[in-house]
Amino acid sequence: MADDKVLLLTQEAYDKLQEELQYREGKLHDEIIAKVAAARAEGDLSENGGYQAAREAQRKNQGRIEELTVKLRDAKILQAPPEGTVGNGSLVTLDLMGNEMVYVLGAHDLSAATDYDIISPESPIGAAVMGASVGDTVSYKAPNGREIKVTIKSAKPLGDE
């Protein structure tokens, strides 16, 4: 990452990204190379759609390999706060204007380890709930300028659900 920002991941998210990297560097890479070779054997490359598609798949795969390599290099395994306190890696249930919503607070890359929606700690709502405890009501300013209050109904470390 250009700004040397640490990426906080759960162990599960880190492991899934590592598995994806191994798959992309191994089996997927070999499959794409075979497709490129088969398409190249068909002859005229300038009008060979299969060849062009295989080369595009190769470029996309290589780009993702590079992205994963940087993410894993810059990753730190986070220690979620204890149950009852909201922090990076918390599974949080919020009462937002009468609606109960469940989120994980943390980096988007945590989505590799969960099916829950992610809230960034840098977002207005993420910053407002960071460090709060169950039962606290906090407020944040929405992008439209409106002040919104949310109540923390539960908070537990991701993986303890």
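Predicted model: local features only at pLDDT ≥ 70, side-chain atom pairs only at ≥ 80, totals over all residues.
Residues are numbered from 1 along each chain as its sequence is written, and side-chain values use heavy atoms, with hydrogens and water left out.

Now the layout. The chain holds four helices and seven strands, where helices (H or I, at least four residues) and strands (E, at least two) are DSSP runs numbered from the N terminus. Reading from the N terminus, the order is β-α-α-α-β-β-β-β-α-β-β. With a radius of gyration of 21 Å, well over the 15 Å that the globule rule gives for 161 residues, the chain is more spread out than a compact globule. That radius is taken over C-alpha atoms, and the rule is 2.2 Å times the number of residues to the power 0.38. Along the principal axes, the C-alpha atoms fill a box of roughly 70 × 35 × 30 Å.

Of the 161 residues, 37% are buried, meaning under 20% relative accessible area, with exposed being over 50% and partly exposed in between (1.4 Å probe, protein chains only). If you look at contacts (heavy atoms within 4.5 Å) between residues at least 6 apart in sequence, 54% join residues at least 24 apart. As for charge, there are 18 positive and 27 negative side chains, and the centres of the two sets lie 3 Å apart. Lys and Arg count as positive and Asp and Glu as negative, leaving out His and the chain ends; each charge is placed at NZ of Lys, CZ of Arg, CG of Asp or CD of Glu.

An unreviewed entry puts "domain: Transcription elongation factor GreA/GreB N-terminal" at residues 8–77, and "domain: Transcription elongation factor GreA/GreB C-terminal" (unreviewed entry) is listed for residues 82–156. UniProt positions follow the numbering used here, feature names are shortened, and annotations may be inferred rather than shown by experiment. Residues 8–77 are 79% helix and 7% strand, with end C-alpha atoms 6 Å apart. Residues 82–156 are 8% helix and 43% strand, and their end C-alpha atoms lie 7 Å apart.

Step into helix H3 (residues 49–74), where you'll find Asn61. Asn61 has a relative accessible area of 3%, so it is buried. Setting aside residues up to four places away in sequence, Asn61 touches Arg24, Leu28, His29 and Ile32. Ala54 sits in helix H3 too, and is buried at 7% relative accessible area. Beyond its neighbours within four places, Ala54 is in contact with Ile32, Lys35 and Val36. For a sense of scale, Asn61 and Gly145 are 84 residues apart along the chain, with 41 Å between their C-alpha atoms. Ala54 and Ser123, 69 residues apart in sequence, are 39 Å apart, C-alpha to C-alpha.

Moving on to the loops, Thr85 is in the one between strand E2 (75–77) and E3. Thr85 counts as partly exposed, at 26% relative accessibility. Leaving out residues up to four places away in sequence, Thr85 touches Ser90, Gly131, Ala132, Ser133 and Ala155. Met97 lies in the loop between strand E3 (90–96) and strand E4 (99–105), and is exposed at 51% relative accessibility. Most residues other than glycine have a negative phi. Met97, though, has a positive phi, near 50°.

Finish at Pro121, in the loop between strand E5 (117–119) and helix H4 (124–129). Its relative accessibility is 14%, so Pro121 counts as buried. Apart from neighbours within four places in sequence, Pro121 is in contact with Asn88, Leu105, Gly106, Ala107, Gly126, Ala127 and Met130. Pro121 and Glu42, 79 residues apart in sequence, are 52 Å apart in space, C-alpha to C-alpha.
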